[in-house]
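New notebook page. I want to get my bearings here before I look at any details.

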Amino acid sequence: MVGVSGWQGSEQAPAGRPTPVGRPLLSLTLASMMDEVHAHSGAVYLLTRGEPVLEMAVMAGMPRAFAAPWERVGLNAPIPVAVAVRERRLIWVGGEEEMARRFPRIAMVLPYPFALAALPVATAGTVYGAVFVTWPGSHPLELSDRERDHLTASCARLALRLERAAAKQRPLHSEPDLLAPSTAPAAGTLGTVEAVRMVARLPYGMCALDLNGRISFANAATADMLGVPVSGLLGTHLWASVPWLNDPVYEDRYRAAVISQHVTSFVALRPPGDWLSFRLYPSTTGLSVRISRARAVAEMTRARPRPEDDTTPRLVTISQVLSLAGALTQAVGVEDVVQLVADEIAPAVGCKALVLLGSRSGRLRVLGHRGYADPHIVERWHGVPLDAQTPGAQALKTGLPAFFDSRQQLERLYPSLHATPDGMEAWAYLPLIASGRPVGTCVLAYARPHTFPAEERAVLTSLSGLIAQALGRALLYDAKLQLAHGLQAALLPHSLPSLPSIEAAARYLPATQGMEIGGDFYDLMSSHGLAAAVIGDVQGHNVTAAGLMGQIRTAVRAYTTVGQPPEEVMRSTNRLLIDLGAELFASCLYLRLDPAREVAVMSRAGHPPPLLLRPDGRVRVLDLAGGPLLGIDAAATYPTTEVPFAPGSVLALYTDGLIESPGVDIEDALADFGRKLTEAGGLSLNALADALVEQGGAVTQDRLDDVALLLLRALPHD
C-alpha cells in the first residue's frame with residue numbers, strides 16, 4: 001500500500017457523477033485509513049437523506065462491480081455496514097468461515113478467504129454513514145488493537161468533518177473510486193525495454209490485468225495460445241475478447257484472486273481439443289497471468305464449460321440475484337416477504353416505495369406496502385376488479401410487466417389515475433408468477449422520473465420471479481397457519497365459566513415452530529354443584545395432536561357431566577384413548593373442587609405436579625399420587641389425592657412447555673416457578689397469569705413446545 005498521493009481514479013465510478021470540487025474528503029480519508037492498517041480494499045457509505053438506506057459514495061482497492069449487490073443497503077439488512085450503524089460499533093469478520101456463519105448472503109456471493117471490518121461514521125448524536133475495509137485471507141483471525149484504534153479514530157475524524165460540512169451547509173461532491181496506486185515507470189528506460197524483451201522470449205504466455213480485469217500487457221505467446229492478436233487483447237477482459245473463456249466460472253477465479261490476494265488457477269479448453277492452464281498472481285496493483293499448456297486432462301479441477309453464446313450472463317448480475325435470493329429464502333409469511341423486499345430489493349433498485357398486490361375473488365387486495373407516508377394512498381388498489389383498466393390489475397391478469405418512466409406516460413395510458421396521484425413519478429409493475437400461475441403484482445415506485453433501460457428491465461423481471469416464489473410459499477404458509485389457529489381456537493374454551501367461590505384465569509401459547517398448533521389443553525366446568533378442572537398435553541405439535549386433544553377434552557367433560565368421580569374420569573378417558581387406536585400419548589391432571597369443604601380432589605396421569613400458593617404466601621409443590629400417561633395401559637388406575645384449598649389459595653396448573661428449557665434441571669425449573677408465583681401472588685389472577693407466562697420466557701423466546709396455564713383461586717364462600 002502506498003501513500004495517498006499514489007492513488008489513481010477508477011473507471012468503475014458510476015456514470016453521471018459531477019466533477020469533484022475541492023479536496024476529495026472521502027477518498028483521502030479512505031486511502032489513508034487503508035494505508036495505515038494495510039487493508040487492500042474498502043468503501044465509504046453515506047446515509048441517504050430521508051431514507052433508511054446506506055449508499056456507497058466511494059470505493060477503493062477493487063472494482064465497484066464486486067460490491068454491486070450492496071451499493072445501496074437498507075439499515076435493517078444483515079450486512080456488516082448496516083449492523084455497524086444499527087449497533088454503533090465496529091463489526092469484525094475474521095475470515096471465510098465466520099463470514100459464512102454470520103453473514104451468509106455475502107459469503108454466498110463472495111465465497112473467498114478475506115477479513116472485513118465495518119464501522120459507523122457517527123458523532124454522539126448523528127449517524128452519517130459507515131466504512132468497511134478488507135484484508136487478504138492471510139490476515140490474523142483477530143483485529144489488532146492498533147488496527148482497531150486507528151480505524152475507530154479515522155471514522156471519528158471523518159464524522160467530525162462531515163458534521164462541520166453539514167453545519168456550514170457545504171454539500172459533498174461526488175468522488176471517483178480509487179483502484180491501484182500508480183506505479184508506472186518512466187517510459188523509455190533500459191529496464192522497461194529489457195523487461196519486455198525478456199517476457200517476449202518466454203515460451204509460455206504472460207499477460208497483466210488491472211484490477212478491473214482489463215489486459216494492460218500481453219506477450220506474443222499469449223496471443224498465439226489464445227488465438228487473438230495482441231492488439232485485440234489490450235484494454236479488454238479475457239472473458240470478453242476470447243469467446244471460449246466467456247464463462248462466469250473463469251471470471252470468478254479473477255474475482256477470487258483480487259479479493260483474497262491468493263494465487264488462483266483454472267484449466268480451460270480451447271476448441272477443438274487444446275487444454276490450457278491459467279495461473280493468476282494478484283497484488284494490490286493488478287494481476288499477472290501465466291498461460292501454459294495443461295500437462296494432462298486428468299489434472300483438471302473444473303468441468304468443461306458449456307457452449308458459449310452472446311447471452312451468457314455477467315457475474316455481477318449473478319451476484320445480485322444470489323444475494324437477493326438468499327434474502328428471500330428467509331421469508332416465512334407474507335409480511336416477511338414485504339419487509340425483505342423493502343430492506344433488500346428497494347434499496348438495490350433505488351425505488352422510494354413499494355406495494356405487493358394479491359388477488360381474491362376476482363379482485364386485487366393489498367398484501368403489504370412500504371414507503372408511503374399516507375396509507376390511504378395504497379387503499380385505492382384494494383378491491384379493484386381484475387378486469388379493471390389499471391396497471392396493477394393488468395400486470396396480474398396478463399402476466400406482462402409494465403414500466404412507466406414518468407407520470408405523463410402513466411396517465412396517457414391510464415387517464416383514470418390522473419385523479420389519484422400518489423406523489424411518485426415513475427413506476428415498475430412486475431407480475432409475480434410462481435409455478436406458472438400469477439400470485440400477485442409488485443409495484444415499485446420512484447420519487448423522480450426514472451428511465452428503465454433494457455438491462456434494468458431484464459433484472460427487475462428476473463427479481464420478480466424470485467419475489468413470486470417467496471410470495472407463493474408465504475401465501476401457502478399463512479393459509480395453513482390461519483387454518484391451524486382456527487382449529488386450535490375451536491378446540492379450546494372461548495372463555496372460562498363463572499363459578500361460585502372460584503376465580504379462574506388461563507393462558508395458551510402455541511409453539512413457534514412448525515404449524516404453531518399443539519396438543520396442550522385445559523377446561524373448567526361444573527357438575528352436580530361442584531367445579532371441575534382439567535389440564536393436559538397430547539404428544540406432538542400438529543393437527544393430529546390437536547384433534548386428539550379435542551376428543552380428550554370432550555370425553556372429560558362428558559364423564560364429568562354424568563357424575564363420575566375423578567379417578568373414574570381418568571380411567572374412562574384412558575380406555576377411550578386406547579379404544580380409538582391413537583398412537584399418541586397424553587399427560588393429564590384432573591381435579592374436583594369443593595369450596596364448602598375447602599378441599600380439592602386430584603388425579604394425575606404423568607402430568608407435571610401443580611403448585612399451591614397458600615393464603616400466607618408460601619408455595620408448595622403438590623406431590624400427588626397418580627398413574628401412567630393416558631393411552632398406554634388399559635388396566636391402569638389413577639388414585640386421587642385430597643389437598644386443602646382454603647379461601648385465598650391459588651392452584652397453578654400448567655404444561656411442561658412453561659417451565660422446561662434445554663439444559664435446565666426440572667427441579668431447578670420448578671423452584672424458580674415457585675419463586676415467581678410467590679413474588680407475584682398478590683396480583684389479580686389475570687395479572688398473575690400474564691406475569692408467570694412472561695417471566696417464564698414463553699412470550700419473548702422461541703418456543704419449542706406449546707404452553708398452557710390454568711390458575712384457580714378459592715374465594716370466600718357464603
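pLDDT is the predictor's confidence in each residue, from 0 to 100, and a contact means heavy atoms within 4.5 Å.

I note that this is a predicted model: local features need pLDDT of at least 70, side-chain atom pairs count only at pLDDT 80 or more, and totals for chains, interfaces and linings use all residues. Residues are numbered from 1 along each chain as its sequence is written, and side-chain values use heavy atoms, with hydrogens and water left out.

I looked up the average pLDDT next, and it is 83, with 86% of the residues at 70 or above. Residues 181-190 also stay under 50, with 10 contacts beyond four places in sequence. Reminder to myself: where pLDDT is low, the predicted coordinates should not be read in detail.

On to the rings. I got 11 aromatic pairs, meaning Phe, Tyr or Trp (its six-membered ring) with centres within 6.5 Å. Phe266 and Phe278 have centres 4.8 Å apart and planes at 10 degrees, so they are stacked (under 30 degrees). Phe266 is buried at 5% relative accessibility, and Phe278 is buried at 0%. Phe404 and Tyr414 sit 6.1 Å centre to centre with 80 degrees between the planes, which makes them edge-to-face (over 60 degrees). I also noted a cluster of Phe66, Trp239 and Tyr254, linked by ring pairs.

Methods
Buried means under 20% relative accessible area, exposed over 50%, partly exposed in between (1.4 Å probe, protein chains only).
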